[in-house]
Amino acid sequence: MASVEELAAKGLPIPQPPSRLFIGNAGEIDPANLPQSMWRLADVYGEIFQLDMPGGRKLVVCNNYELNNDLCDGTRFEKVIGAALKEVRALIADGLFTAYPNEKGWGIAHRLLMPVFGPITIRKMLPEMNDIVSQMLLRWDRFGPENELVCADEFTRCRLAFDVIGLAAFGYRFNNFYRENAHPFVTQMADVLLECGKRANRTGIENALRVFSAQENAANIKAMQSLCDEIVADRKKNPQPELNDLLNPMLENTDPVTGEKMSDELIRNNLCTFLVAGHETTSGTLGFLFYHLLKNPDKYMKLQKEVDEVLGDGPFEAKHVSQLPYLKFCIYETLRYMGPIATPGKHAIKPTLIAGKYYVEPSTQLVMNLKPFHHDPKVWGDDADTFRPERWMDGGFEKLPPNAFKAFGDGERACIGRTFAEQEMILAVATIFQKFQVEMADPSYQMNVKVTLTLKPNNFAIKVRRRPGRSVSTTGAAAPTPSPTTALQGGQERRDSGVNGFHEQRPVTVLYGSQSGTCKAYAQDIESNAPRYGFKATVDTLDSATENIPKDQPVIIICPSYEGRPADNAKKFVTWLQANADSPKVLDGVNYTVFGVGNSDWVDSFHRVPKLIDELFEKMGAHRRMPTGYVDVKYDIMGPWEEFADNLWKVLREETGQDVEVASNLLQAEITAPTFASHLGGKDIGYGIVKENRSLGGKQVGLEKKHIEIELPLGSGYQSGDYLVVLPTNPLNTVRRLLKRFGISPDDSILVTGTNKAYLSPDTSISVFDLMMTRVELGTPASQKQIQTLIDATPGDKRSKLTPFLDDSTYQASVLEKRFTILDLLEDNPSTDLPFPVYLDMLKPLTPRQYSISSSPFANLEFVTTPSGTMVQKLFASLTYDVHDEAALSGHGQFHGVASTYLARHEPGERIRCFARPTNANFHLPTDPLTPIIMACAGSGMAPMRAFIQERAAIKAARNQKLGPAVLYFGCRDEGADYIYADELAAWEKEGIVSVRPCFSKSGAGAPKYVHERIWEDREELRSLFAEKGAKIFVCGSASKLAKSTADVCKKIYMEAKGVGEDEAREWLEKVKEDRYVSDVFE
């Protein structure tokens, strides 16, 4: 046997971040989110890294299957009770979760309870579980379809999992579903866990000084223990031998090894353990599960189909637990992707080499970093970062290598309540899917993890709508089902405009999908105008109409395509349609019309989703009331919509027999002198702080390019390739022109009435300046209908400048192409007397703009100590953007791009409203840094490529390992004028991070040359990288120029290599676009 010295000599060096005096590597750890820090460091350092922590503690973190598999050798490694669990011992002492290795109490409890947690015994607890689940479903149903259910409350600390454990495990009803506020035990437990986490991250001196928090913690612990003692005492006094719970065996059974029974204190410790650890893990898993299912509607529909086939409308029975394999594996996939347990700890029993490679001693705490471990592509494949339950099916689970899945823990210290938790989750999810359609309260929600003792989705809320014909009654009695009309309106208040009294108004439903807000604005336009034409419009998302499309009123569908995909709040609906496409009677009786919104730059996917919905509606038996309408937002965003809306009202009035008089425009605006001089600022949440804003050049040959660095709002996170969404304000000069034209003072107040357009703050007096700066779009080209309105407001002898624009060709050439706005036309026609409310009613809401982030979080993160002594994470992001500040095509002075000039005028220290938004799931670097990448970009399309290269540089520096090839094709005009980041790129190329291949169209080495030409020259090298080495291609730039030419040259290379024609090449490109050819394009 090798000596300790010989073992140590064989060990490979373990990577480590730079250490600082006194604090070691503590600066690398976000104390409020340890798991996130561990995941970030794993991305940078690879399979293993070590950290020196204050107090002389050393952590070694293992991140892949090979190392964690070795840690599962129970003869060499065992569980370690870390700092946080040591603090929790004040509450649960030697309970199963926090007992030290070989502690006597753990052995007794473990041996007594293992048989009790067997499948047969757990099955007998199903009635109690069903009791609590039924309470939850009844509560949800009573609150209605518009009530937002926060998963952290419904599944976690307040309700489901907690009450299930209480009733099924020891016959105690916490009755949280009948309380307005949680049971005191719940709040006490939350406070104790929070304080334990804080104590674990403080120094001993600081804990000693915090006397009052220690006293409060002790009081909470005493109260919780007292309740458990009362439960035990009551059962002893009033035995209930008929109950199939855990408390009876804990009181009556004898340990076969020691011959002892569990003491009252040990029983109490484990009752608390079940409540603390059991409810946290189960409920966190349910929250993550619903997030993934709602983000992946194809999985949602597949699961609902399984539930319908197994349960029908009958009650859940014990036999069903094993008849729902897809549900079971959805739960497993959720736990694999990211479960509630993040970093279980171990230590070596004696000095050893992990996987024969890395030397560790018993004093070193070893961390199983579960997320990267469960995402190891060598086990889970190249799609390890994709939620795909199917990977477990058809023998996939059985084929996993040993110890590949450790969501429930490891060895004899694994979760003893696994069967209990699985049954509870299967029961809850199956009955929810049986009874309800579930949707996200906020379809744009992105995962934000809350860290306590475990992980859970933070502020993730859902809404549920009872499925047609389904009852939530536990007795099986029929319950009234809301009509589709009622369901869609559920709980929403609508303003009574006072026009065409509601007793005369006919109902109409408007369903929209929207990402940027355009389709939602169209839907609100119908809602606002409906009373004028004798209708009352109910507006909701397309997802809300899943299985719930009204048949007693017209249905108007407004939706876009995003690179051929539905908007976030329409994905589930479209998936449901596709799943029922072969059922020709599903939509029999539905009367509908569709309006599609798209951009013709995306040639292959232009209007794909609205056309698909239209086709499926007709196929499934619905009746189209009028021809489908379309708008190409690249050109005229308002004209086709106004034409469609006018025709819509005409058709609806004729077909429904609505003959009430059409009312005049409802919107009114009263402008008054100001009542106060200034407004107080809003909250800082959501504001980023500008740290740097510098010019990159380019003004000599085109638009100036700038680089801005922003400290993101607290709690933000992003990956390289993601977006930063910026909510700008309008250019000051444009607002001044508007105020001058209408003769309004900037400090006047305005009160808008007679509209449902929320962005105009109806019925609330606000500053005119604030309204025009922050709420509405001022740069949209005027539509022909708007021009007609201007003509009507102009004296007959002064209309000659406006009337030619009613001709389509003149309008196209003189208004759309020159981007004449309503304001431009008003300035050119001073005799036009357009009332300000009419002008205001023409304007669209100001929409956020998104920019590709040009930095990697790996290189832009730091931890700082606040004045209060706490450490917080600061995350920075940079943007690379063109400044659109040039002569206006309309001839009206300068054209100021709303967002770009907004960014350009900000100085360091100033704040901007922003948030990070994930990009297409595939527009990220490959998980394996050895995978080659090919990047093609032009101009500010360099942004995500710079982020990728910066990330590769950080990984190479941390791991000191070779990277896979990376080739960058960068299109510029002039080498000396707009070759942005030239010095950075040269340095990275020198370090072997990337091979840079600039393409100068005007002046520079090899000019003139374009990206697609250089790609063609290098086709043999690129073909080898792609076909033989699995390279991934990234494209970022103009959709009509760079993206098109790059796609064309790739097809050309494929055609040459394979000897095929254009059609085969196009089919090949569409296929690889799913994962290996990804683009982020703009115009």
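I began with Glu1056, which at 40% relative accessibility counts as partly exposed, a class lying between buried (under 20% relative accessible area) and exposed (over 50%), with a 1.4 Å probe and protein chains only. I note that this is a predicted model, in which local features need pLDDT of at least 70 and side-chain atom pairs count only at pLDDT 80 or more, while totals for chains, interfaces and linings use all residues. Residues are numbered from 1 along each chain as its sequence is written, and side-chain values use heavy atoms, with hydrogens and water left out.

Next I looked up the partner of Glu1056 and found a salt bridge to Arg1019 at 3.0 Å, N to O; the term stands for a side-chain nitrogen of Lys or Arg within 4 Å of a carboxyl oxygen of Asp or Glu. Glu1056 lies in helix α36 (residues 1039–1058) and Arg1019 in helix α35 (residues 1019–1027), so the pair ties together parts 37 residues apart in sequence. Helices here are DSSP runs of H or I with at least four residues, numbered from the N terminus. Arg1019 is partly exposed, at 21% relative accessibility.

I then turned to Glu390 and Lys302, whose closest N and O atoms are 3.1 Å apart in a salt bridge. This pair links distant parts of the chain, 88 residues apart, with Glu390 in the loop between α18 (377–380) and α19 (418–435) and Lys302 in helix α15 (residues 297–311).

My last pair was Asp383 and Arg391, a salt bridge with its closest N and O atoms 3.2 Å apart. Arg391 is buried at 11% relative accessible area, whereas Asp383 is partly exposed at 23% relative accessibility.

Note on methods. Helix = DSSP H or I, 4+ residues; strand = E, 2+ residues; numbered from the N terminus.
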